[in-house]
Amino acid sequence: MSAELFVTQSQVTPILVQNLTRRFGAFTAVDDVSFSVQAGEVFGWLGPNGAGKTTTIRMLLGLIKPSSGSAFVSGFNSATQTKLVHAHVGYMSQQFTLYNDLTAMQNIRFYGGVHGLSSDELRQRISEIIQMAGLVGRENTLTGSLSGGWKQRLALGCAIVHHPKVVFLDEPTAGVDPISRRQFWELIYQMAKDGVTVLVTTHYMDEAELCQRVGFISAGRLVALDSVSQLKLTQMRGQVLEINVSDPEKAVRILKAAQQSHQVPLDEVALYGAQIHAVVPDAQEYNDAIQRLLTQDNIRVNSIEWIAPTLEDVFISSVKARVDAN
Amino acid sequence: MQFDFQRLGALMRKETIQILRDRRFIMLFLGLTFVQLFVYSYAASRTVYHLPMAVVDQSQDPTSRSFVQALVNSQYFDATMYLDDQSQAKQAIDKSQVKAALIIPPHFAASVDQHSANFLMLLDGSDQFAVRSGYSAAGLVAQNFGLQMSAESVALTGAMPSLSDSLPINTSTQILYNPDLNDKWFVIPGIIGMILQTLAIEQAAIFLVRDREWGTMEQILATPVRQLELILSKMIPLSILCLLAFGISVGLGIFWFGVPFHGNLFLYFWLALLFLASCLGLGLVISTRATTQFEAETSSMIFMLFGLLLTGLFYPRTGMPLIPQLIGDIAPLTYFIRISRGIYMKGVGLSFVWGDALILVIYTLIVVGISSKTFKMRLD
Amino acid sequence: MNQFAISATNLVKEFKANKHVVTAINGLSLQVAPGETYGLIGPDGAGKTTTTRVILGLLSRTSGESSVLGFDSMNDMYEIRKRVGYIAQQFSLPPPLTVMENMLFFAGIHSVSSEQQKKRIPELLAFAGLSEFMNRLAGKLSGGMKKKLALACSLIHEPQVVMLDEPTLGVDPVSRREFWNLLGNLRAERGLTIFVCTHYMDEAERCTRVGLMYEGKLIVDDSPANIKRIIPGHVLEFMPSDFAAARKLCNEMDGVLEVQTYGDKLHVFVGDVAKRKPQIEAALASQGITHDNLREIEVRMEEAFISLIRRQKESVEQDGMLTQKSEMSGEI
Ligand SMILES: Nc1ncnc2c1ncn2[C@@H]1O[C@H](COP(=O)(O)OP(=O)(O)OP(=O)(O)O)[C@@H](O)[C@H]1O
Ligand SMILES: Nc1ncnc2c1ncn2[C@@H]1O[C@H](COP(=O)(O)OP(=O)(O)OP(=O)(O)O)[C@@H](O)[C@H]1O
Ligand SMILES: [Mg+2]
Ligand SMILES: [Mg+2]
């Protein structure tokens, strides 16, 4: 079967997961998950902490064996053809795995060497990656003494040093500043344009909005799999009001109290920076009620507006829905 | 400095859990103890079989032939060439064609009957192993024959003359305490020290470096934990393990290898503890320098090599040139080997080993001093 | 006694590496009053972690002063460590210990009495969402769960001050909120002083004061509201059908001060909304770019941060310093 797959490489699904399950003792970390990712797609793999995202990726890479089900990368079975899988993928793990006692450049060279780049290719890639990661002038700094954000950038560079066709990025932007985060995503998009398939996890929901498709995993089970815009339609309970007020913290306390006493049927009240997002069954219907509630307590409402839910609203809504269901 | 037993308790509990959960470490620890003891002592008995031997049989009678046969049957020797006289035999050894040469004088059968038989065994003095095992093997076979042996070692042209001091002529003192010239006896007290040194230096270094490598150090440093608490919490569980290994090796030495213990066990224990302290201190010093477990391991390996080569464990220090001797002086094992052999084999008391013990005390003070200066409760 | 919970004056920290001196902190001064929530933000490598470490006495300082609760960072470091809860950015709890054993360990080294332990540990575990995983080894937790355990451990001794270096790195959005709610409660109940380094601008927004660090210096130190006011103009947000084309178009338009991306949306800074909004809409329409929901939004810290850093970079370049980064100068 594998030989056949090899021949039809160009049409093969880059990432294919079938009924994948992984148990650790009695605990099921990944529970019967199936999905596939098409070539050139940027696929967001989202879920709360401990949902099983990293475990899924580890199985896709053949780093751990599935308890049942199977995973294929570029047509190769991750569990049995691990070497072939590794030759085709780039992986940036959640935990920092570069060598702290090598310099930035030595790390890139090392990973390039592992993937069998020739010394000419290597020389070119080193300068490209140093450039890309914004580490110019820090090539010879010991990796251990780079700052957290720089380490992430270097790790990303090492993961893609060999121009892999499929890339797994496990929280690549964790600890990276807002400007570099945007650059990371531009790079991810550039790679996707060049036909690279990207599976990425992140806890930044503004980033997740950029994924073409999103898989949402919770407690090991795949609970949603769709484009971001569809998810916003199907997964969101209620509508979102964005409220700007003079004293947001106090306003949240008031709204929470109202939620407790069922004065207003609020699904969720949360602070987004200095703004409040309130989830209500119907935005137009409860707009005034909320405004009244706040002004009663001497809070100046600068604006209150029905907005399209952000992915973060959707995330929170569906996590809460699971928690309520249990 | 405010020392706090609750903190020390919490830290020690953590270390103990870490040790107990690390099954690989425990296996390694016990494995290392057993393996070192067995491998070194069996290897160290270094009995060499099938030494190529030249035979100069000037007697050529049935008794002499059966004696040669007995030597060959013993498996220790192979009669590879037959020569005419002693000088040819010497040449053969010099050219490394053979390791031993047997010279049987004329009228051998008759002398055997008169219980005054004599033979000469020439041994390649440049090969200490050959000398020792050839000497004892020939001796045993000869005893069965009721023979009187005179042995002589032939130094290979250009061979290190220094080695000649381990020739049979010079082994009289060893023979005194080790009548069968059994190398195990000689080596086991040294190996006990070797085991202690390897475990203590390496693990002390690794224990501290591991925390740094895991990244737990920063988190622990940000708490009120004091330097002494931190160090003790690692050294106490490790010392207990090392003493366990010490107990096991002394026990095996006495009961398995049958090397009788002549001295005062109590004194031996205290001096071993002192030796342990110096090794742990040395490990600490290494740990303050090393940043990765690998580095720590490599540095402690160097001490293991010193232990094997330069401390007098296998190769006598008296014959060594000055530089290797001085390097050997850095390893605390050098001193403990003398103490260990003295107490274990000769049964001497403190009055004989106090010099080495004092050096160990000074040694310990120095390494502990250095490590407490260099072991910072900061990250830089 | 010092009236500040945390204070640093002309703090300098140099690292010697590679025959170079790297100046990670370059004359930084800041004061945090008791009960304040102070957020330290800045680009990668600005020196946030180093600042936190020096203030805690985890690193020595090259010059200047720093203290916590009136205790000097260098001389009274143990007094500080007793009273402060800390989470390192790249931390790890002892992996072979279970969740519970880790809690007990940190309780033990902070000399928390056993009655207090019995009360607090279950509370903190519940907060961290780890109650069902009490017996799991810390090394086998997921990345975010590890971080939450570290948060719980850093609060076990009811510190007066917490210094948190990217505490919510890798923590999911729901837990991140719960964490901030908890900090908010502690602040309200006990007047906890919070010092936090973060890359999450919505978190920075929750601080009473924010310091923006750039190449070892504090270039802004103000309340979030005031910082946002530094940003000129208003922000228009919309989701274009053709992202790249729309960005290019807006960048070239008159009256557009700055264009930023946010997820799949564009943020366009303009001086006069009433005048520019129709112009942008018209321009987009003329290029056949449709859009969604074009509206004015409040400037947030995210936009402010990017704008400030961009301007800083530009001014550094204009100063003719060009490529010479301050930390790369000064050979030994
Ligand atoms: N080797 C292991 N042994 C036991 N349990 C494990 C092991 N590896 C992972 N787990 C458990 O499996 C669950 C899923 O972990 P995983 O790392 O996949 O989560 P995640 O979705 O990546 O979370 P995060 O967002 O925090 O990174 C967690 O409860 C974790 O404790
Ligand atoms: N131990 C060290 N040795 C040498 N240089 C160091 C060391 N630690 C930090 N640095 C340097 O100090 C500067 C500031 O680093 P720091 O970690 O404080 O940045 P940061 O603001 O925390 O960045 P990030 O947001 O990426 O975590 C960087 O140039 C870094 O390389
Ligand atoms: Mg993960
Ligand atoms: Mg940092």
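In the predicted model, a backbone N or O atom of A:Gly148 lies 3.3 Å from an oxygen atom of ligand 2. Polar contacts are pairs of N or O atoms within 3.5 Å; within protein, one atom must be able to donate a hydrogen and the other to accept it, and residues adjacent in sequence count only if both atoms are side-chain atoms. A:Gly149 places a backbone N or O atom 2.6 Å from an oxygen atom of ligand 2. For C:Gly47, the distance from a backbone N or O atom to an oxygen atom of this ligand is 2.8 Å. The protein buries 89% of the 640 Å² that ligand 2 exposes when taken alone. Accessible areas come from the Shrake-Rupley method with a 1.4 Å probe; for residues, only the protein chains shown count as cover.

Residues are numbered from 1 along each chain as its sequence is written, while chains are lettered from A and ligands numbered from 1 in the order in which they are written. Local features need pLDDT of at least 70 and side-chain atom pairs count only at pLDDT 80 or more, whereas totals for chains, interfaces and linings use all residues; side-chain values use heavy atoms, with hydrogens and water left out.

Ligand 2 lies between chains A and C. Around ligand 2 are 20 residues, of which A:Ser147, A:Gly149, C:Lys48, C:Thr49 and C:Thr50 come nearest. A residue is near a molecule or strand if one of its heavy atoms lies within 4 Å of it. By class, this shell has six nonpolar, 10 polar and four charged residues. Ala, Val, Leu, Ile, Met, Phe, Trp, Tyr, Cys and Pro count as nonpolar, Asp, Glu, Lys and Arg as charged, and the others, Gly among them, as polar.

Ligand 1 also lies between chains A and C. Its shell holds 21 residues, and A:Thr54, A:Thr55, C:Arg136, C:Ser142 and C:Gly144 come nearest. Seven of the shell residues are nonpolar, 10 are polar and four are charged. Strand E2 (27-37) and helix H2 (53-60) of chain A each supply at least two shell residues, as does helix H5 (143-154) of chain C. Helices (H or I, at least four residues) and strands (E, at least two) are DSSP runs, numbered from the N terminus.

Chain A contacts ligand 1 through a polar side-chain atom of A:Thr55, 2.5 Å from a ligand oxygen atom. A backbone N or O atom of A:Gly52 lies 2.8 Å from an oxygen atom of ligand 1. From chain C, a polar backbone atom of C:Gly144 is 2.7 Å from an oxygen atom of ligand 1. The protein covers 92% of the 640 Å² of accessible area that ligand 1 has on its own.

Chain A has 12 helices and 14 strands. Its C-alpha atoms fill a box of roughly 70 × 50 × 35 Å, taken along the principal axes. Of its 326 residues, 56% count as buried. Buried means under 20% relative accessible area, exposed over 50% and partly exposed in between (1.4 Å probe, protein chains only).

In chain B, B:Phe108 belongs to helix H5 (residues 108-113). B:Phe108 counts as buried because its relative accessibility is 1%. The C-alpha atoms of B:Phe108 and B:Thr198 are separated by 53 Å, with the two residues 90 apart along the chain.
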